[in-house]
Amino acid sequence: MKKLLFLLSIVLLISSYSRVNAQANYTKIENYEVFYGYARHFPQEWMILRKFDNYGKHYLLLVNPQTLETRVDESNFYQIKQMTIAQARAFFGNSPYQDALKKAEKASVKIQDAGIETGMPKETGISLTADLCPSHKPLDRRIFTDIIAEFKKVETPVPIALSITGIWMRDHQEDLQWLKQLQANHEIYVTWINHSFNHRVSLKAPLKENFLLEPGTDINYEVLETEKAMLKNGLLPSVFFRFPGLVSDQQLVYRITDFGLIPIGTDAWLKDKPRKQVVLCSSTAMATSLLVLMISSPCLNKKRPK
């Protein structure tokens, strides 16, 4: 464990952070849909990604194109102009958010590890990511507590990004509440990453027909139902997406960026000598995989609540 923690501590990471305000549980979501546009609440401009209703109120899921921060807010607080995804991307073209989308698309031809692998802009911070995939095993909390104990010597709360699936949220409510309590206690600072709803995998199918490339996969369901599950469980969706198995093709990458989401890849496993900025390691003992990456963002310079 000490060797693992030492290796983790020297890896550069890339991550974007959202506000640590307590996130509401939206327990009666209706009319959840993709919706793009411009939203302005002086002095800030936001890009709209989704709209939905909850108990008769109208809400928007927004992203700050400069910081990649997301938020959910009532629509009547904003001046709104609906756009197509192409129009919205052009309108916010000179922003770190759009730069990250373009960078992910340029790396879309690979069958594995497509997506961004290095930071932009150049600010850095420390972040860890665990993939919370469907599993009958409970979360091995010890590996989290050990990593938190080590990293809080550098920064507190410890920034951590969790790639989460809808099935895991459904089947691991106790573990999810434990993670949320860590955040409420300011021990960790979580960025929630969409990792698909079902995370289907075949031990026999070739990669080109596996994971989200499995014939018949409903990408709208995999993306949007996971977001709805996050919101119902009091989690704030980020603008990041992690492909199950790190498997995709060019068409799938563009499907994800058309949702306004930034695919995250990796360029090495932790057992390999780190050469770039995104490193992946796994622990079968916890039935999840740990991804260490560094996505730089002006959000990293924000002062977090004590």
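Reader: Quick one to start: in S4, which residue is the bridge partner of Leu61?

Author: That's Val72. Keep in mind that this is a predicted model.

Reader: Ok! And how many bridges join S3 to S4?

Author: Five, and the two strands run antiparallel.

Reader: What sheet do they belong to, and in what order do the strands come?

Author: An open sheet of five strands, ordered S4-S3-S2-S1-S5, with antiparallel pairing. Its edge strands are S4 (70-74) and S5 (79-83), each of which pairs on one side only. On average, neighbouring strands here are turned by 35° against each other, if you ignore direction.

Reader: What about S2, how many of its residues are buried?

Author: Eight of the eleven, so to speak a mostly covered strand, spanning residues 44-54.

Reader: And how many bridges does S2 make with S1?

Author: Nine bridges join S2 to S1 (residues 29-41), and the two run antiparallel. As an example, Tyr38 has Met47 in S2 as its bridge partner. The two strands form a hairpin, with two residues between them.

Reader: Which strand does S2 pair with over seven bridges?

Author: That one is S3, residues 57-63, again in the antiparallel sense. Phe52 stands opposite Tyr59 of S3. S2 and S3 make a hairpin too, with two residues between the strands, and Tyr55 in that hairpin takes a positive phi near 50°.

Reader: Changing topic: which strands of the sheet does H7 touch?

Author: H7 packs on the sheet and touches S1, S2 and S4. The direction of H7 makes about 85° with that of S1.

Reader: And at what angle does H7 pack with H8?

Author: About 40°, with the axes 11 Å apart; H7 covers residues 219-232 and H8 covers 250-257. That angle makes H7 oblique to H8. The crossing is right-handed.

Reader: Which residues meet there?

Author: From H7 you have Ile219, Asn220 and Val223, and they meet Leu252, Arg255 and Ile256 of H8. Sorted by class, the contact has four nonpolar residues, one polar and one charged.

Reader: Zooming out, how many helices and strands does the chain have?

Author: Eight helices and 13 strands. The chain has 306 residues, and 58% of them count as buried.

Reader: What share of the contacts join residues at least 24 apart?

Author: 70%, counting contacts in the chain between residues at least 6 apart in sequence.

Technical notes
Residues are numbered from 1 along each chain as its sequence is written. This is a predicted model: local features need pLDDT of at least 70, side-chain atom pairs count only at pLDDT 80 or more; totals for chains, interfaces and linings use all residues. Side-chain values use heavy atoms; hydrogens and water are left out. Buried means under 20% relative accessible area, exposed over 50%, partly exposed in between (1.4 Å probe, protein chains only). Helices (H or I, at least four residues) and strands (E, at least two) are DSSP runs, numbered from the N terminus. Two strands pair if DSSP finds at least two bridges between them. Axes are lines fitted to C-alpha atoms, for helices over the stretch in contact, and angles run from 0 to 180 degrees between N-to-C directions. Angles under 35 degrees count as roughly parallel, over 145 as roughly antiparallel, 65 to 115 as roughly perpendicular and the rest as oblique. A crossing is left-handed if the near helix is turned anticlockwise from the far one by less than a right angle, and right-handed if clockwise. Contact means heavy atoms within 4.5 Å. Ala, Val, Leu, Ile, Met, Phe, Trp, Tyr, Cys and Pro count as nonpolar, Asp, Glu, Lys and Arg as charged, and the others, Gly among them, as polar.
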